[in-house]
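Colleague: Could you walk me through this model, slowly please? I would like to start with the contact between the chains and then look at the sheets.

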Amino acid sequence: MADTVEGVVLCRVGADRLAVLAGDVVGVELPQGPAPYAGRLFDDGARTPDDARLLRHETAALVVDALEIHAERLRLIPVPVVLTQVVGGALRGFVQVADALWPVVSLPALAAHLRAGGPEAA
Amino acid sequence: MSEPSSRLKGRSRYLTNHSTIAVFAGIVIAVAYAAVAIAFPPGTRLAFGVVLGVSALVFQITGDLFEQRRLRTLRGLGDGSVPFTRDALATAAREVVRAPDVSFLVVLALLGGGAVLVSVIWSVVVDVPRATVLRLSFIGVAIAPLTAVMSNLVTWPRARRVLADLVDAGLPVEAIYAAVPARFELKPRLVLFAGVATLTPLLLVSDMAVSRLGQALQADAGDMGALPLAVLGLLVVLMVIACAALVGSVLGAPLAELAKETERLATGDYGTPRFVPGEFEAWAAAASIAVLESDLATTTRRLADAASNIVQSTGELSEGRVQHLAAAEEQSAALAATTSTTEELARSARQIAVNAQRVSELAGGTLESARAGKASADQFTGAMQAVRVGNQAIADSVVRLNKRVQQVGRIVEFINGIADKSDLLALNAELEGNKAGEVGRGFSLVAAEMRRLAESVMQSTAEIGRLIEEIRDATNAAVMATEAGVKATDAGAVLATRVGEGLGRILDFANLSADAMQSISLATGQQQQGTDQLVASMGDILVSTRAAADASRAMEATHAELLAVTGALESVARGREDSR
């Protein structure tokens, strides 16, 4: 039986997108402190916009441009083997929302990955 | 030519010789008459002859000495004791002129006084009746005037010759006439001569008649006979005739000379005056003729010189006239050209006057326009000031509006902040509701709706923010535009003020220009009048110049005639000089 997830936070980072499991998010806040910006996954020189949002986890935080919560149950498309180690092993799978495929990542792992050095470290 | 002193030597004696002869002649006549008319007492004739001879000799010597003393200058010139000077010659001339009168007086005194003295002495020497003595004295006194007149008349010709000798000796003719003033005594002299010539025979005839009457009354008186009486009468007649002939000869001689002189002058033969000796009026006439001849000669010389000068001058005049004619023709041509130019100038002056009048009118129009422009500039300055005040009010209003907009912006930002927080709260609520599962689904929906509302608010506030930004930009632009407008208005006001000042100066200049143009118009008008008068004057000058040229041509004939006249005059004058 295929895996499903219920409740994902769809995040927009520039022109790209990613999704975080709602259970990983403790709260949404305004960006403050040394939290990594998710845009650096796609562009090393990306800057945090003014209206960015900070997704807080219990041990980590991640800044994205905008977000919305998708409460319906979604099929979690598994990660191919060749991609299991990318982005520090933070990729959990993919969900399809509104005819778009959203990569689902672990918030703490991605934050750690970004704090560790970004895409080069992966 | 002999020396002057030799010419005058013995001339004093020459003058007085005739008076001596006259005295003896008178004595002879008186004695002859007495011998006929008086019956000498016997034995008295010798005494009478001795007394008469001695007295005559004494009186003759005395009279001669007297006369010679009256001619001492002439005698001195003759013997060389007096130097030959002009004054000495003039003095001698005066002595010579007086000599005949001196002779007359000497003869009259010697014969008259001598007869009385001889009679008295004779009566003292011998016994002679008183009547005889008186009658003898009477005969001497009666004969004396006639003898004196005769002496006077015969001395005149000699005096004339001596005067001529003085002239030959170097006394100028003008000087001798000037030295001896004229005496106009011809009439009394003629009366005297006529009286003497008439009375003397009458006295003698009367004496004879009385004597014959007395003899007729006295029986013892002897008969004188007819022959002596006839001889006596004939002698008296001869004396009167001789006296008249002598008077006529003596007085007529200078008149004849004067006639010859005047005839010589009439024929044009004049130059140096000639001396014409004479007496009384003849002397005055001769002096006048001499002066006339001298003046005439001087005038003739001057006339000759003048004729020569006229000939020379007319020659120069002829040359000058030719040059003048050419110059006059050139001047006429130049004046014609000048007149044409002056007329052109007059036309230009009239055109200038018209233009000046037009410019003056334009200056007046410019003045009015400048005044209107000044008024408009003043109004514009006022309007600019009003615009500046309005712009300033607009700027203040815009500033206030900007402040209000900023306040609204802050409010909107505040609302936006609330909406943002509301969005976060709704997002967190939705997240929590989603975490709660089915239980929290309704909560999530509400949270989602709230979130949408918050996002809608945020969109609205963003829109409002954009509008506020636009308003802010617009108000800023309006503020800037208003400030620029104020600055432009200020600049415009300054420019308007400058324009007003400039127009004021233009107005002043226009005033001055109008006055100047009016003056120029008047001056050009006067210039036009002056130029018109100049044209008229040039026309007159041209006419005069042409007339002068015509007159110069007319002078040609006159000049030829003048040359002919002056030539004739000069030939006459030169001929006179050559003839001398």
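Modeller: Let us begin with R53(A), which forms a salt bridge with D423(B), the closest N and O atoms being 3.2 Å apart. A salt bridge here is a side-chain nitrogen of Lys or Arg within 4 Å of a carboxyl oxygen of Asp or Glu. Please keep in mind that this is a predicted model, in which local features need pLDDT of at least 70 and side-chain atom pairs count only at pLDDT 80 or more, while totals for chains, interfaces and linings use all residues. Residues are numbered from 1 along each chain as its sequence is written, chains are lettered from A and ligands numbered from 1 in the order in which they are written, and side-chain values use heavy atoms, with hydrogens and water left out.

Colleague: How many salt bridges does the rule find across the interface of chain B and chain A?

Modeller: The rule finds three across that interface, and the count over all chains comes to 22. The pair that we began with runs from R53(A) in strand 4 of chain A to D423(B) in helix 10 of chain B. Helices (H or I, at least four residues) and strands (E, at least two) are DSSP runs, numbered from the N terminus.

Colleague: And how many residues of each chain are in contact there?

Modeller: On the chain B side there are 13 residues, in contact with 17 residues of chain A, where contact means heavy atoms within 4.5 Å. Between them the two chains bury about 1200 Å², with 52% of it on carbon and sulfur atoms; buried area is the accessible area (1.4 Å probe) that two parts lose on being put together, summed over both. In chain B, the residues that lose the most area to chain A are L424(B), L431(B) and N434(B), together 39% of what that side buries.

Colleague: Which elements of chain B give two or more residues to that side?

Modeller: They are helix 10 (281-435) and helix 11 (441-579) of chain B, and helix 10 of chain B provides the largest share, ten residues.

Colleague: Now the sheets. In what order do the five strands of the open sheet in chain A come?

Modeller: The order is 6-1-2-8-7, and the pairing is mixed; two strands pair if DSSP finds at least two bridges between them. Neighbouring strands of this sheet are turned by 35° against each other on average, direction ignored, with axes being lines fitted to C-alpha atoms, for helices over the stretch in contact, and angles running from 0 to 180 degrees between N-to-C directions.

Colleague: Why is one side of strand 6 and of strand 7 of chain A left without a neighbour in the sheet?

Modeller: Strand 6 (66-75) and strand 7 (91-97) of chain A stand at the edges, and each has a single partner strand, so one side of each has no neighbour in the sheet.

Colleague: What does strand 1 of chain A do with strand 6 of chain A?

Modeller: Strand 1 (residues 4-13) of chain A pairs with strand 6 of chain A in the antiparallel sense over eight bridges, and C11(A) stands opposite L67(A) there. Strand 1 of chain A is also joined by six bridges to strand 2 (residues 16-21) of chain A, again antiparallel, with V8(A) and L21(A) as bridge partners. These two strands form a hairpin with two residues between them, and G14(A) in the turn has a positive phi of about 60°.

Colleague: Is strand 8 of chain A parallel or antiparallel to strand 2 of chain A?

Modeller: Strand 2 of chain A and strand 8 (residues 100-105) of chain A run parallel, joined by two bridges, and V20(A) stands opposite V105(A).
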